[in-house]
Amino acid sequence: MSDPGPRVPGVGDARYPVRLTTSDGVTLAIEVPDGSTVIEAALEAGHVLPSQCCRGTCGSCHATARGAYRLGDHSPSALPPEKEAAGEVLLCRTYPLGTVDVALAYPRSRILDGGVGRREGIVVEVSRVARDTVALRLQLDPDETTGAGVEFEPGQFMELQLPGDERRRAYSMTNTGNWDGEVEFLIRLHEGGYFSGFLSELLDGRRPLGERVILHGPTGAFGLRESGLRPRWFVAGGTGLAPLLSLLRRMAEWGDPHPARLFLGVTTEEDLPKLPLLEDLAAQLPTLVVEPCVWEPISDWTGTRGTPADALAAALAGRSGSAPDVYVSGPPLLVDAVTAVCLAAGLPPEHVVTERVLPT
Ligand SMILES: Cc1cc2nc3c(=O)[nH]c(=O)nc-3n(C[C@H](O)[C@H](O)[C@H](O)COP(=O)(O)OP(=O)(O)OC[C@H]3O[C@@H](n4cnc5c(N)ncnc54)[C@H](O)[C@@H]3O)c2cc1C
Ligand code: FES
């Protein structure tokens, strides 16, 4: 937690100046009322910052702050204590107590000025691609304002909701924006899970294709960073692969020349997703090298054994040429391990771009 600094004595209606600076250098000045969070005050000022749970558990409102503020309760999986000590914050739990400067790791375009979008669509395809992993494709209804297509930045997510139920679940798109209005997801099935149950019923035919789904978004800060021609290395844990597929598809669409590597971590071979898309990507992106990493092989697996963090450490130790940017998406333990590996190998912190896959 930052030094809270002097509180304004006895003043409940104090307003504190907060400057939000995006990665492309745009500064938004807002005033945060005493007792409000930065996310709430930004919303009040008409700016929707990337966020999801707004209760300190998902990590998607992560930023760096300097100044006088208090951090409310939050999960250490979303913001580990050492990051908190280094000035990192969750903006949905950041209560200013004086002037605060916030550095956002994403460009201005990720801040919505007109509110979060809402679309509806139907399930057109669902298939099991690994033991506990499902690929889901939705066809969106045409939108009165934006038309038939769907726009989002690679790396973003949407919240899916079933009609008549308040619960929402966040999933990252695996495709890229398109004129056809199709969105694709890669989803892990959790034992007894709410949305997992819906998908299981679709898989075994207890529900028909054509079921309606409501989508909120897109939102999210994760995405490709402009970094010249530095190599781009991607590290996925399980369905953390989802947003990375979107980034790789965008690179393929643009004929991107960056050297690229994908370390794909799974527990056993049965968890490796059978995705023709990955083969297509390897064909479209000649620079891409895919390295599956199996933690506990159950057969005569001859590929890389261990975690993708181990494989990354070995690759960083043996690299030649310029230091890569590392994009990591997966469970918090993997994200933290990969971040530690990168820093130990001498990569500057800004070379590491993270997305934590947490319960929503
Ligand atoms: C920004 C963001 C993007 C995400 N993108 C994806 C994605 O692309 N693909 C994907 O598969 N998931 C993704 N998730 C995680 C996903 O939202 C949750 O796993 C999902 O809510 C589980 O829904 P459910 O209804 O099936 O399970 P729930 O009913 O919510 O939970 C059932 C049980 O599973 C546990 N559980 C749920 N999720 C997780 C988890 N992630 N890790 C460990 N235990 C869990 C719960 O604690 C509970 O015990 C993302 C999360 C965030 C915050
Ligand atoms: S929106 Fe802040 S931690 Fe989830």
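Just after helix α7, Gly346 adopts a positive phi of about 90°. The model is a predicted one.

Helix α7 itself covers residues 332–344, which makes 13 residues. From its first C-alpha to its last, α7 reaches 18 Å, close to the 18 Å expected at 1.5 Å a residue. Its buried residues are Leu334, Val335, Ala337, Val338, Val341 and Cys342. Viewed down the axis of α7, these buried residues fall within an arc of 165°, so they line one face of the helix. The cover over them includes the strands β12 (232–237), β13 (260–266), β16 (325–330) and β17 (352–356), along with helix α6 (308–317).

Another buried position is Leu215, in strand β11 (residues 212–219). Leu215 counts as buried because 21 other C-beta atoms lie within 10 Å, where the threshold is 20 or more. Leaving aside neighbours within four places in sequence, Leu215 is in contact with Arg119, Gly121, Met158 and Leu160. Ile111 is 104 residues from Leu215 along the chain, and their C-alpha atoms are separated by 18 Å.

The remaining topic is the ligand. Ligand 1 is surrounded by 25 residues, of which His190, Gly193, Tyr194, Ser196 and Ala242 are the closest. Strands β9 (168–172) and β10 (182–188) and helix α3 (194–203) are the elements that each give two or more residues to this shell. By class, the shell has 13 nonpolar, 10 polar and two charged residues. Both domain 1 (15–110) and domain 2 (118–219) give residues to the shell, so ligand 1 lies between them.

How values were computed:
Residues are numbered from 1 along each chain as its sequence is written. Chains are lettered from A and ligands numbered from 1 in the order in which they are written. This is a predicted model: local features need pLDDT of at least 70, side-chain atom pairs count only at pLDDT 80 or more; totals for chains, interfaces and linings use all residues. A residue is near a molecule or strand if its C-beta atom, placed from the backbone, lies within 6 Å of it. Helices (H or I, at least four residues) and strands (E, at least two) are DSSP runs, numbered from the N terminus. Ala, Val, Leu, Ile, Met, Phe, Trp, Tyr, Cys and Pro count as nonpolar, Asp, Glu, Lys and Arg as charged, and the others, Gly among them, as polar. Domain bounds come from an automatic or database domain assignment. The expected span of a helix is 1.5 Å times one less than its number of residues. A residue is buried if 20 or more other C-beta atoms lie within 10 Å of its own, exposed if 12 or fewer, and partly exposed in between; C-beta atoms are placed from the backbone. The arc is that of the directions from the helix axis to the C-beta atoms. Two residues are in contact if their C-beta atoms, placed from the backbone, lie within 7 Å.
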